[in-house]
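Welcome to a short tour of a protein and its ligand. Have a look at the sequence and the model, and then we can walk through them together.

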Amino acid sequence: MSDKPVILVVDDDKNTRDGLQRALQRHYDVKTAESADAALAILDATPEVDVMLSDLRMPGTDGLGLLRRVNAQHPQTVSILLTAYGSVETAVEAMKQGAYDFLTKPINLDHLDMLVARAIKSRDLEKKVETLEVQLNEKFGMENIVGESPAMRQVFDIIQQTAPTQASVLIQGASGTGKELVAQAIHRLSTRAKGPFVAVHCAALSPTLLESELFGHEKGAFTGATAQRKGRFEIADGGTLFLDEVSEIDPSIQVKLLRVLEERAFERVGGEETIRTDIRVIAATNRDLRDYVRQGKFREDLFFRLNVVDILLPPLCERTGDIPMLADRFLKEYCERNGKRIEGFTTDAIGLLTAYAWPGNVRELRNTVEKMVVLSRADRLSARDVPPNIREAVKGHSALGLRTPVLMSGSLADTERRKIMAVLEKNGGNRTRAAEELGISRRTLHRKLRDYRDEQSDEETTGEELKE
Ligand SMILES: Nc1ncnc2c1ncn2[C@@H]1O[C@H](COP(=O)(O)OP(=O)(O)OP(=O)(O)O)[C@@H](O)[C@H]1O
Ligand SMILES: [Mg+2]
């Protein structure tokens, strides 16, 4: 075998075949076929054919027919069609059907040389792009999620490890911390990426409506059910079902949900037929679901089913290191959307954004940057462009000598935990330096971090292995 690119010449006219073979054989490994069928047989036996040069008009299957077969069965082969002078329309049709280009007879050999070289190059590029795309997806299925803080890195790790499995995932975090974004990333990185991602906002619907939304209903199941309707469990078949605000599901529906999770089977409302569904469930909540279980508002067995793997998204004020990156990302996005050119933020502006507490988390930061972009005429956003409420809030608590206003709320243990996470974050996850700054020993810090982790994890679930 030579390393020359392989060219297949298809023409019913022997003179043309021989002529092309002579013209091309110096640089290429040339094969010839006198019909479409012969060409397909060669392609089946030699999948590494780089370029096919085919006559358009041939007895039997013509060039267009052959082109369609080659595109379907041998997409790695680039096709160039040869046509008699005057049948340009057919040649245009061929391009529409995916031919790389066409040449009119009599063939100009210089032109042929150039075209073949170009076709091979473009094919190689295409191959490269395809591989890159696959690699990118594997690496950056999370590219929408911005963050470098230790907390977010941990989240990325869990996503990467969990996505390819079928395990249920429970995402907990305050409003605007990116729960839906994480759910989508898990779907995209999973084997179900080609299937649907179906979201249900459980808090928005009354129990009756939620039930029919999830399970669907038969015609006449209740007043207003004028036709049969598929529920989200059915629609999400083969994909991922995202149950948002799962804490708000009525106990009567919690029981039914549990059964679907256990058996992957259910009946439509008012129906008898048992329907099977292949779904992966990701749930999200901004409540302390464990606390709901303790209070009897959420079934414990359902909690364990949902919480096989848990992901905790910390509030933005516990990962202030991510704020500049996030702000930059949103700046670019809104500049593009609004046709504006703004280079970035001044140090003062970033200082203010970093010092603010962001009770609305990333969503609030996003909205703030949007407002700043829309209202500003400067080519760099400065402290003056930061909305007054944020400037004032920051001024207010820096007068009290506080670095972050979060330290004002929550129990003492909460406050300690937040302080520790904030200092750790500030020191880029370096425990020795963080312990020093906190005035505690490295061992104490280590123990506290372990306690926090243990509080979060759940001995009875298999998520344990995934987390470590
Ligand atoms: N790490 C992040 N990187 C980039 N954008 C983010 C990040 N986290 C959140 N966002 C953006 O912030 C907004 C809110 O995110 P999302 O809707 O995922 O939050 P949520 O936790 O589901 O909020 P809620 O509880 O209110 O439903 C979205 O516009 C999202 O794109
Ligand atoms: Mg959400």
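## A charged pair

With which residue does Lys105 form a salt bridge? This is a predicted model, and in it the partner of Lys105 is Asp55, with 3.2 Å between the closest N and O atoms. Lys105 belongs to strand E5 (residues 101–105) and Asp55 to strand E3 (residues 51–55), so their pairing ties together parts that lie 50 residues apart in sequence.

Side chains of opposite charge can pair when their charged atoms come close. Across the whole structure, the search finds 19 salt bridges.

## Where the ligand sits

Now to ligand 1, which is found in the second largest pocket. There are 16 residues around ligand 1, and the ones that come nearest are Val146, Ser175, Gly176, Lys179 and Arg366.

Which helices each supply at least two residues of the shell around ligand 1? They are helix H7 (179–188), helix H13 (323–338) and helix H15 (361–375). By type, the shell residues comprise seven nonpolar, five polar and four charged.

## Backbone contacts and cover

The protein backbone also meets the ligand's polar atoms. A polar backbone atom of Leu181 is 3.2 Å from an oxygen atom of ligand 1, and one of Thr177 is 3.4 Å from an oxygen atom of the ligand. At Asn144, a backbone N or O atom lies 3.5 Å from a nitrogen atom of ligand 1.

How much of the accessible area of ligand 1 does the protein cover? On its own, ligand 1 has 630 Å² of accessible area, and the protein covers 86% of it.

Methods: Residues are numbered from 1 along each chain as its sequence is written. Chains are lettered from A and ligands numbered from 1 in the order in which they are written. This is a predicted model: local features need pLDDT of at least 70, side-chain atom pairs count only at pLDDT 80 or more; totals for chains, interfaces and linings use all residues. Side-chain values use heavy atoms; hydrogens and water are left out. A residue is near a molecule or strand if one of its heavy atoms lies within 4 Å of it. A polar contact is a pair of N or O atoms within 3.5 Å; within protein, one must be able to donate a hydrogen and the other to accept it, and residues adjacent in sequence count only if both atoms are side-chain atoms. Accessible areas come from the Shrake-Rupley method with a 1.4 Å probe; for residues, only the protein chains shown count as cover. On a 1 Å grid over the protein atoms alone, a cavity is a set of points where a 1.4 Å probe fits but cannot get out, and a pocket is an open set with protein on both sides within 12 Å along at least five of seven lines; lining residues have an atom within 4 Å of a point. A molecule sits in a cavity or pocket if more than half of its atoms lie within 2 Å of its grid points. Helices (H or I, at least four residues) and strands (E, at least two) are DSSP runs, numbered from the N terminus. Ala, Val, Leu, Ile, Met, Phe, Trp, Tyr, Cys and Pro count as nonpolar, Asp, Glu, Lys and Arg as charged, and the others, Gly among them, as polar. A salt bridge is a side-chain nitrogen of Lys or Arg within 4 Å of a carboxyl oxygen of Asp or Glu.
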